[in-house]
Amino acid sequence: MGKQTSILILGAGTFGLSTAYHLAKAGYTNVAVLEKSTTFPPELSAGNDLNKIIRAEYEDPFYAELALEAFAAWKSPLFAPYYHETGYLLCNSAAAPEKAKKSLQKSLESIRQHPSFKGRITPVVSRDDIHKVTPAFDGPMNWKGYFNSFAGYAHAADAMTALYSACIALGVTIHLNSAVAALTYSDSGDVCTGALTTGSKHYGASITILTLGASLGYILPQIKQQVIAKGTPVAHIQLTAEEAAQLRGIPVTYARDLGFFFEPDPRTNLLKICPSVAGYTNYDTSSGLSLPSDDNAFIPARDEAKIRRLLGETLPALADRPLVGRRVCWCADSADSEYVIDFVPGKKGLVVVTGDSAHAFKMLPTIGGWVKDLIEKGRQYSKRWQWKEGSDAAGVDISWRVGKATDFKEVEDEIRRDPELINAKL
């Protein structure tokens with residue numbers, strides 16, 4: 001494949017932007033990206049967020065090694081300004097189900113004996129152990145787990161914006177406000193020739209790469225149930241400058257059965273908090289697939305209650321504070337939490353990159369290299385990342401997700417929005 005080959009990437013989220021960067025960095029000179037959003041980072045991208053966890057703990061050591069490769073890239077000049085090695089406090093509360101305990105143990109085993117973590121892991125068996133790690137926490141915290149000092153978080157939207165600029169500097173063309181209506185094919189129907197936007201503009205390409213995240217099913221319905229869109233509630237608490245200063249430098253704190261939060265954002269003093277959920281589906285679509293909704297500015301009441309329990313355990317003074325910035329963050333879950341990075345069967349020139357399964361952002365600096373390797377080699381040699389016809393992500397109980405997946409139709413009467421949004425709708 002020549003460096004002048006025309007390559008069209010659909011979606012400028014984590015997968016798409018990383019792919020564009022690695023292709024351009026390798027010398028490909030005809031790379032274009034179409035993105036539905038009118039602004040960047042894209043509105044629906046999971047990467048359009050204050051922060052994301054950067055950790056190497058996995059139930060599967062294969063991904064632990066890939067995460068360590070990504071760690072090295074996060075310390076490169078392009079990404080280093082956005083990576084913060086605050087550490088990772090991973091525990092279970094006293095009420096945690098057995099599933100959460102098993103998942104934590106598997107995660108610990110994936111790194112415990114690894115040389116990279118020598119001297120970096122501290123067991124947590126009491127409140128005193130937690131207080132040594134983070135004195136700011138003054139809740140009861142009858143938790144057990146461990147503290148890993150070789151982990152932290154990334155300023156997600158800032159990292160995406162920096163990578164966007166790097167892509168532009170390398171000659172990538174990125175078209176915002178360019179929603180894709182359909183793929184286009186040759187007369188024979190077996191060769192993808194590009195994409196048609198909702199504005200009826202056609203972009204031709206020799207290779208088209210689908211990096212559409214949870215929205216993939218709109219454009220590639222033949223993905224079926226290999227991946228399903230799942231939403232995770234996100235909320236924030238607005239802190240004062242003094243309150244934020246007191247929490248500066250706290251580790252990413254994750255009670256597997258309750259949820260997680262980060263140190264306050266330095267610009268806005270927002271404390272981001274996510275409840276621990278198995279994910280919400282949205283099957284209220286004509287395709288029969290779970291796909292993201294247009295309205296994502298809410299969270300269910302049950303998750304708001306879980307957030308308050310988490311704060312009551314850690315920072316009880318904040319447990320009853322108003323929540324702001326309520327929203328749903330969408331990901332594309334696969335049945336085995338493996339990525340799908342492969343050519344679409346029966347369609348020449350069409351590549352799909354999906355299945356982030358809520359563990360992809362940490363790979364932002366590296367995942368595009370795997371996509372580049374695929375298109376240069378002409379096939380996916382790793383069985384893990386191959387197209388899996390017949391796989392049903394909706395029919396499995398994912399080992400590391402605590403709880404049971406729920407459809408948003410089941411919680412319609414629990415929807416909670418920010419007050420200003422409620423007033424705007426009146």
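## Burial and one neighbouring pair

A residue counts as buried under 20% relative accessible area, as exposed over 50%, and as partly exposed in between. Asp373, at 31% relative accessibility, is therefore partly exposed. Please keep in mind that this is a predicted model.

Asp373 has a salt-bridge partner in Lys372, with 3.6 Å between the closest N and O atoms. Is Lys372 buried or partly exposed? Its relative accessibility is 16%, so Lys372 counts as buried.

## The chain as a whole

Let us step back to the overall fold. The protein chain contains ten helices and 24 strands. Its radius of gyration is 21 Å, close to the 22 Å that the globule rule gives for 426 residues, so the chain is as compact as a globular protein of that length. Along the principal axes, the C-alpha atoms fill a box of roughly 65 × 55 × 40 Å.

Of the 426 residues in the protein chain, 58% are buried. Taking contacts between residues at least 6 apart in sequence, 76% join residues at least 24 apart. The chain exposes about 17300 Å², and carbon and sulfur atoms supply 53% of that area.

## Charges

A search of the whole structure turns up 21 salt bridges.

Which parts of the chain does the pair Glu85 and Arg120 tie together? Their side chains meet in a salt bridge with an N to O distance of 3.3 Å. Glu85 sits in the loop between β4 (83-84) and β5 (88-92), and Arg120 in the loop between α3 (98-112) and β6 (121-124), so the pair ties together parts that are 35 residues apart in sequence. Glu85 is partly exposed, with a relative accessible area of 34%, and Arg120 is partly exposed at 26% relative accessibility.

Another pair is Arg321 and Glu243, whose closest N and O atoms are 2.9 Å apart in a salt bridge. Arg321 belongs to the loop between α8 (301-314) and β20 (324-334), while Glu243 is in helix α7 (residues 241-246), so this pair ties together parts 78 residues apart in sequence. Arg321 counts as partly exposed at 22% relative accessibility, and Glu243 is partly exposed with a relative accessible area of 22%.

## A network

Salt bridges also link residues in a network, made up of Asp49, Lys52, Lys272 and Arg327.

Terms used: Residues are numbered from 1 along each chain as its sequence is written. This is a predicted model: local features need pLDDT of at least 70, side-chain atom pairs count only at pLDDT 80 or more; totals for chains, interfaces and linings use all residues. Side-chain values use heavy atoms; hydrogens and water are left out. Helices (H or I, at least four residues) and strands (E, at least two) are DSSP runs, numbered from the N terminus. The radius of gyration is taken over C-alpha atoms; the globule rule is 2.2 Å times the number of residues to the power 0.38. Buried means under 20% relative accessible area, exposed over 50%, partly exposed in between (1.4 Å probe, protein chains only). Contact means heavy atoms within 4.5 Å. Accessible areas come from the Shrake-Rupley method with a 1.4 Å probe; for residues, only the protein chains shown count as cover. A salt bridge is a side-chain nitrogen of Lys or Arg within 4 Å of a carboxyl oxygen of Asp or Glu.
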